[in-house]
Amino acid sequence: MAKKGGGGSEGGAAPAPARATVPAVAVEELPRAIVQRVVKDKLAELSSGGRRRGGQEEVNVHKDALLAFAESARIFIHYLSATANDICKESKRQTINAEDVLKALEEIEFPEFIGPLRIYLEGVL
C-alpha cells in the first residue's frame, strides 16, 4: 500500500525540502540597509547635480528595485573576485591583493572604476 503524500520515493522518507540551500544564500546576501543607503545616497547625489543632499527631496526606491540592486552587486562581487582569484593563481600566489582586483576590473571591462579605487586605496593605505 502506498503512503499518503510520500512524494514517490520507495522504502524511506520523502526527499528533504529544497530549503537546505537557504542558509548559504542568506550568508551571501548583502545587508539591505547598506544597499538602500548606498543607492539612495548616489541617487540623491545625481539628482542634486553632484552636491551631497543639498536640500533636495529624498529619492524613494521600490523594495523590488533594492533587491535587484543587491543581487546585481552580489553577482558583480562574485564575478570580480573570481577574476581576481584567477589573476592571483596565474601569479602562483594564494592571497588576492589590491593589484589583482585592479587588473580584474580592467579584464572584466570596468576600467572607469580603477582610477577612483586607486585614489581610495592611496588614502587608506
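Asp86, Glu90, Glu106 and Glu107 come together as a patch of negative charge on the surface of this predicted model, in which local features need pLDDT of at least 70, side-chain atom pairs count only at pLDDT 80 or more, and totals for chains, interfaces and linings use all residues. Residues are numbered from 1 along each chain as its sequence is written, and side-chain values use heavy atoms, with hydrogens and water left out. Patch members have over 30% relative accessible area and no salt bridge, like charges being joined within 9 Å; a salt bridge is a side-chain nitrogen of Lys or Arg within 4 Å of a carboxyl oxygen of Asp or Glu. At least two residues of the patch come from each of helix 3 (63–90) and helix 4 (98–107), helices being DSSP runs (H or I) of at least four residues. Glu90 sits in helix 3 and is exposed, at 63% relative accessible area (exposed is over 50%, buried under 20%, partly exposed in between, with a 1.4 Å probe).

Turning to the rings, the structure holds three aromatic pairs (centres within 6.5 Å; planes over 60 degrees apart count as edge-to-face, under 30 as stacked, the rest as tilted). Phe76 is partly exposed at 23%, as is Phe110 at 27%. Phe76 also pairs edge-to-face with Phe113, at 6.1 Å and 75°.

Technical notes: Patches are made of residues with over 30% relative accessible area and no salt bridge: like charges are joined within 9 Å, nonpolar side chains (Val, Leu, Ile, Met, Phe, Trp, Tyr) within 5 Å. Accessible areas come from the Shrake-Rupley method with a 1.4 Å probe; for residues, only the protein chains shown count as cover. Lys and Arg count as positive and Asp and Glu as negative; His and the chain ends are not counted. The place of a charge is taken as NZ of Lys, CZ of Arg, CG of Asp or CD of Glu. Rings of Phe, Tyr and Trp (its six-membered ring) pair if their centres lie within 6.5 Å; planes under 30 degrees apart count as stacked, over 60 as edge-to-face and the rest as tilted.
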